[in-house]
Amino acid sequence: MSNEQDDRSSNLEQQAIAETPLQDKRATASALPNITVAEGRTHLNLSPDAEVIIDSLGRVVLVNEQAATLFGYGPHELNGQPLEVLLPERFHTVHVAHRRTYVTTPLRRPMGVGFDLVGRRKDGSEFSVDISLRPIVLDRTLHVIGAIRDVTAQRLLERERVRLAERLVLQSTLINLAHDAILVRDPISRVLSWNRGAEALYGWTEKEALGRVSHMLLKTHFPVRRAALNALLESEGHWEGELLHTQRDGSVVTVESRQVLIRDERGAATAILEINRDITQRRKVEQAQTAVHIETLAQRTFLQQLLDALPSSIYVVHGRDARLVLANHAAASTWGAEWSPGHPMRGFLEEHHIRIVDAQERSIPPEAWATMRALLDGETVLQHQEIIRQPSGTSLPILVNAVPLTSLYWQSLGVPDEPGEGHPPRNGEPLALVIHQDVRLLKEAEYSKDEFISIAAHELRQPLAVLKAALGTLVLQTARGHGPKLAEWQHEMLQDLEQATDRLSTLTEDLLDVSRLQAGQLVLQRASTNLVSLVQRLVERFQKTTTRHQFAFQPEHPILEATIDLQRMEQVLSNLLTNAIKYSPQSGSIVVTVGKDDADHAVEIRVQDAGIGIPRHQQARIFGRFMRADNAQAAGISGTGLGLYLCRALVEQHAGRLWFESTEGAGSTFFLRLPLSYTPPLPERRDENNL
Ligand code: ADP
């Protein structure tokens, strides 16, 4: 048995002793009337309660039927037994002491007020009892009569009541902890309960709010008529919605309100429970967000209108696979198909059988598309020539400008991330703006110009050849003494004439090359060649043409083979070396290197001068036809602007690349990169071919 219960019993005993004033102890026994045992039995039999009479030693003297039955004994079984048989064993010791004390101070009183008394049946089972004791004088001896009641059901109810009370305390603490305003009002809206949340939200204390009509106190602004809301509450039993309430200081708050109607057993409304959550701040934020959203949409619409009004195709792509973000109307006509936002460029082109080709109708690989170069390499690609082969088969020559953008640009575009817009760009993803310029008309004009150039070059070729031959004969025959001897000035004139015809024939050849290129008739005769020896030979040759320039040749390897058209590559390199000399009019050193890029399996030739350089604003167009930089012309250096154009076309035909870095006034470096031969030919053949 638990110590707790033992303690309880000893408490009970102490309490019983303390309850009895000393004065009463003496008075009680003499004041009691004496009855016989027979009278006692009659009294017990007449009593509706279970009763038992014990003597001063605690033995059962008389017991009625109710008591015997209550404890599971036969009618006479308890007679003479100590009273302790009716108690669980754990109470025996304390009970004996208690009983003895009681006998010395016999007073009518309940036993163990405030404690759970427990009885024990014959079969050992226990049950809650309530015992009230009363002294009685039986045959002139003090006895005690105990009335016993089974209070099991009552105790259970009491415990339940205590539990409920505890729960209510918890609930009300909880309600007061809530930030929400929780109130209870009666059917005519008088406040019955008002938690701390309500006090904090509205500013009225519970005391001030109790009994007030809530909608008058809070100047409630209903979304529908109050009567309609009440009708709904009545029919549905609950209501949810937004209300406007006025706080004590006059400011208005928006609350999200939930209300439930409580009914009694007969269905009559007894109260309304109401929970109001302050959503003023949330509403303000939402309103601000909506305003921003509307503003953004308006900006976007405006931006789209602007873009659509432009005649050139414009689009923005993001990610390494160039997914479309937005495009204007003209873009659809340029592609000849509609490109939907979110779709990758490559997939779109393949799906619609669109090709991007160069002037020779060769497919440009995706990584070389201006769009991809801007996205993948972050390169600003200007005036890149591409031809779009539309689904219909029409070829559209375009100039592409592709500019990488930062996500900051993206935000300033005001394009919201919307579902259904594909995959919106994420931070850190590359973004590029691409503009296509339809150059069909320009191309047509260019075509006519090419036609003219071609005809003119062909027509010039014949008389030039005659002129050159005649000059040659004149010089040769005069030198042999045929005809009159020429004066010095006549010799000089002949030399000038020879130089001029040379220049003219070079120009004519260049012009013819241009037309061949345009017509796709420039065919390469390729063979594996040691580029190191080729460059060396050319450097030596060019060094002989100048005393004011110093060439430095730095090969990193003795042999670097590439499969090239020797004559054409000589033309390219000669052009680069000529330019290095020509555009370093103040003399200077020219450094030529030939190196290898193992990763790329390529050979890279560099020609570096310290000349006039190329102005930054003209660098993007310097490979164009007839393109000459302003500073070259201002310095009075003659040229046609055809050389670099031809060089790049020739290098690209070799599957190579030609580019430069230049600073005006400081010099230029031209880079030529060609793929290395995969199967180097035998050394003997190399020598034979190259030198
Ligand atoms: P050309 O030299 O006949 O004018 P190119 O096509 O070879 O034609 O060169 C085009 C233009 O590029 C030149 O007119 C000049 O303005 C510029 N250029 C080429 N090479 C150099 C260089 N090494 N230094 C400075 N400018 C150069």
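I started at tyrosine 583, where an N or O atom of the side chain sits 2.6 Å from an oxygen atom of the ligand. I kept in mind that this is a predicted model. Next I checked lysine 582: an N or O atom in its side chain is 3.0 Å from an oxygen atom of the ligand. For a nitrogen atom of the ligand I turned to aspartate 609, which places a polar side-chain atom 2.9 Å away.

On its own the ligand has 520 Å² of accessible area, and the protein covers 98% of that.

**Ligand, the shell**

Which elements give two or more residues to the shell around the ligand? I noted helix H19 (566-582), helix H22 (643-653) and strand S25 (667-675). H19 supplies the largest share, three residues.

I counted 20 residues around the ligand, the closest being Asn579, Tyr583, Asp609, Arg628 and Leu644. Sorted by class, the shell holds nine nonpolar, eight polar and three charged residues.

**Serine 47**

On to another spot. I found serine 47 in the loop between helix H3 (37-46) and strand S2 (50-54). Is serine 47 buried or exposed? I put it down as buried, because its relative accessible area is 7%, under the 20% cut-off.

I also looked for its partners. The side chain of serine 47 makes a polar contact of 3.5 Å with the side chain of glutamate 51. Setting aside neighbours within four places in sequence, I found serine 47 in contact with Asn64 and Gln66.

Technical notes: Residues are numbered from 1 along each chain as its sequence is written. This is a predicted model: local features need pLDDT of at least 70, side-chain atom pairs count only at pLDDT 80 or more; totals for chains, interfaces and linings use all residues. Side-chain values use heavy atoms; hydrogens and water are left out. Helices (H or I, at least four residues) and strands (E, at least two) are DSSP runs, numbered from the N terminus. Buried means under 20% relative accessible area, exposed over 50%, partly exposed in between (1.4 Å probe, protein chains only). A polar contact is a pair of N or O atoms within 3.5 Å; within protein, one must be able to donate a hydrogen and the other to accept it, and residues adjacent in sequence count only if both atoms are side-chain atoms. Contact means heavy atoms within 4.5 Å. A residue is near a molecule or strand if one of its heavy atoms lies within 4 Å of it. Accessible areas come from the Shrake-Rupley method with a 1.4 Å probe; for residues, only the protein chains shown count as cover. Ala, Val, Leu, Ile, Met, Phe, Trp, Tyr, Cys and Pro count as nonpolar, Asp, Glu, Lys and Arg as charged, and the others, Gly among them, as polar.
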